[in-house]
Amino acid sequence: MASNHKLDFIDSELENLKKQNLYRKLRYGKSKGAYITINNKKLLNLCSNDYLGICTKEIQTNQLQSSSRLVSGNDESYEKLEEILAKHKSQQNSLVYPTGYMANLGVISAIAKKDDVILSDELNHASIIESCKLSGAKIIIYKHNNTQDLEKKLKVKAKNKFVISEGIFSMDGDYSSLKEIVELSEKQNAITVIDDAHGDFVVGKDGKGTPNYFNVGKKIDLYISSLSKGLGSFGGYVASKNNVIDLCVNKSKSFIYTSALPSILIEYSIKRFKSNREKQMKKLEKNTNQLIKGLKDIGFEINSTTHIIPIIIGNEKKAMKFGEFLMDNGIFAQPIRFPTVPKNQARLRISVTAWLSDRDIERSLEIFEKAYRKFK
């Protein structure tokens, strides 16, 4: 007879996830360009966040591992990249974090306090949600992109007010109503914080991001973004006034108490930033328009106008079957389920990249048309 172990309760939790079609397991694959190979099967990759698909040569470096940046890990390459990113966002200064998730955790929890209020869009990324909780500030959720609801809730009294939104929402692919958000924030003297992970380097003049796209770039108080999506490198960063960056260096736990990124990744980001991004941006826009039009012609209801295209399935089990059908036919597009999206809002989240050729898109649409007929 098997003896009980004090961790056996975890088995029932895992079994419950399986019953709800919410169980996840890691797939091991090898990505190269527009393709990913999983279990020796080459698949067209429609899940990559390497939106611009910038090609660069390998960079040689001596530093591979280091301590935290406040100890001995602050390679001089950081200074160069942070100057570039501050100028990129028209801000006084910037600070690089190991990931975008850690940037959100560290920055928001460092600047927002107990007597403050954070107004957060209901569809904001999990890293924003967690960072708001860590701050200790009062959190008020406003309806997704609903500026009337935001206006009403902004009237709350607080020492400091923060309005936090994504630039392009990671699961729905829609733009934030930034013009209206900035206008309302200015009226209530609220601090605007924009997580532009999915718009940075991809939209706006020279890829300056979603606020630039809406001509409000200089009215954003604090930018948080990623180096691992549009730029296709690794890391996250914040760009703002000098005093914000200084506070983060002194109070941001996810910056202070972690190892620095190896300089090879910092140099890689610089090289990619200085590449011909404009050409890749145009290719991405062309591919996005081509794929959206094709999916609509098939019959899918597509509301996104960006490179993130959700196909809402609803039922989790059906979404899994849809994803399996695509994989069987050479397309890799992962189903997204709760808790990443609300229950019964499961979807196929397509990420368009500049890696894709016209033939890749045509082939994808052929498979999606078969899937549409099978699962409609």
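Trainee: Which conventions apply to the numbering and to the predicted model?

Mentor: Residues are numbered from 1 along each chain as its sequence is written, and side-chain values use heavy atoms, with hydrogens and water left out. As the model is predicted, local features need pLDDT of at least 70 and side-chain atom pairs count only at pLDDT 80 or more, whereas totals for chains, interfaces and linings use all residues.

Trainee: What counts as a helix or a strand?

Mentor: Both are DSSP runs numbered from the N terminus: helices are H or I with at least four residues, and strands are E with at least two.

Trainee: Let us take α11 and α13. At what angle do their axes cross?

Mentor: The axes of α11 (residues 277-298) and α13 (residues 358-375) cross at roughly 25° and come within 10 Å. Axes are lines fitted to C-alpha atoms, for helices over the stretch in contact, and angles run from 0 to 180 degrees between N-to-C directions. The two helices are therefore roughly parallel to each other; angles under 35 degrees count as roughly parallel, over 145 as roughly antiparallel, 65 to 115 as roughly perpendicular and the rest as oblique.

Trainee: Is the crossing left-handed or right-handed?

Mentor: α11 passes α13 in a right-handed crossing. A crossing is right-handed if the near helix is turned clockwise from the far one by less than a right angle, and left-handed if anticlockwise.

Trainee: Which residues meet there?

Mentor: From α11 they are K286, N287, Q290, L291, G294, L295 and I298, and from α13 they are D358, I361, L365, F368, E369 and Y372. Contact means heavy atoms within 4.5 Å. By class, this contact of α11 with α13 has seven nonpolar, three polar and three charged residues. Ala, Val, Leu, Ile, Met, Phe, Trp, Tyr, Cys and Pro count as nonpolar, Asp, Glu, Lys and Arg as charged, and the others, Gly among them, as polar.

Trainee: And α12 with α13, at what angle do those axes cross?

Mentor: The axes of α12 and α13 cross at roughly 145° and come within 10 Å. This crossing of α12 past α13 is right-handed. In α12, K318, K321, F322, F325 and L326 meet I367, F368, K370, A371, K374 and F375 of α13. The residues of that contact divide into seven nonpolar, no polar and four charged.

Trainee: Changing topic: what is the strand order in the sheet with β11?

Mentor: The order is β11-β14-β13, an open sheet of three strands with antiparallel pairing. β11 and β13 (335-336) stand at the edges with a single partner strand each, so one side of each has no neighbour in the sheet. Two strands pair if DSSP finds at least two bridges between them. Two bridges join β13 to β14, and I336 stands opposite R347 in β14.

Trainee: Which helices pack on this sheet?

Mentor: α11 does, touching β11 and β14, with its direction at about 25° to that of β11. α12 (residues 316-328) also packs on the sheet, touching β11, β13 and β14, and its direction makes about 35° with that of β14.

Trainee: How many bridges join β11 to β14?

Mentor: Six bridges join β11 to β14 (residues 346-351), and the bridge partner of I311 in β14 is L348. Six of the seven residues of β11 (residues 308-314) are buried, so this strand is largely enclosed by the rest of the structure. Buried means under 20% relative accessible area, exposed over 50% and partly exposed in between (1.4 Å probe, protein chains only).

Trainee: How many residues of β7 are buried?

Mentor: In β7 (residues 161-166), six of its six residues are buried. K161, V163 and S165 point one way, and F162, I164 and E166 the other way. β7 pairs in the parallel sense with β5 (residues 117-121) over four bridges and with β8 (residues 191-195) over five bridges.

Trainee: Now W355. Where is it, and which residues does it touch?

Mentor: W355 is in the loop between β14 and α13. Not counting residues up to four places away in sequence, W355 touches G33, A34, D50, G53, I54, C55 and D360. W355 is partly exposed, with a relative accessible area of 27%.

Trainee: Which peptide bond is cis?

Mentor: The bond from F338 to P339 is cis, with omega near 10°. P339 lies in the loop between β13 and β14.
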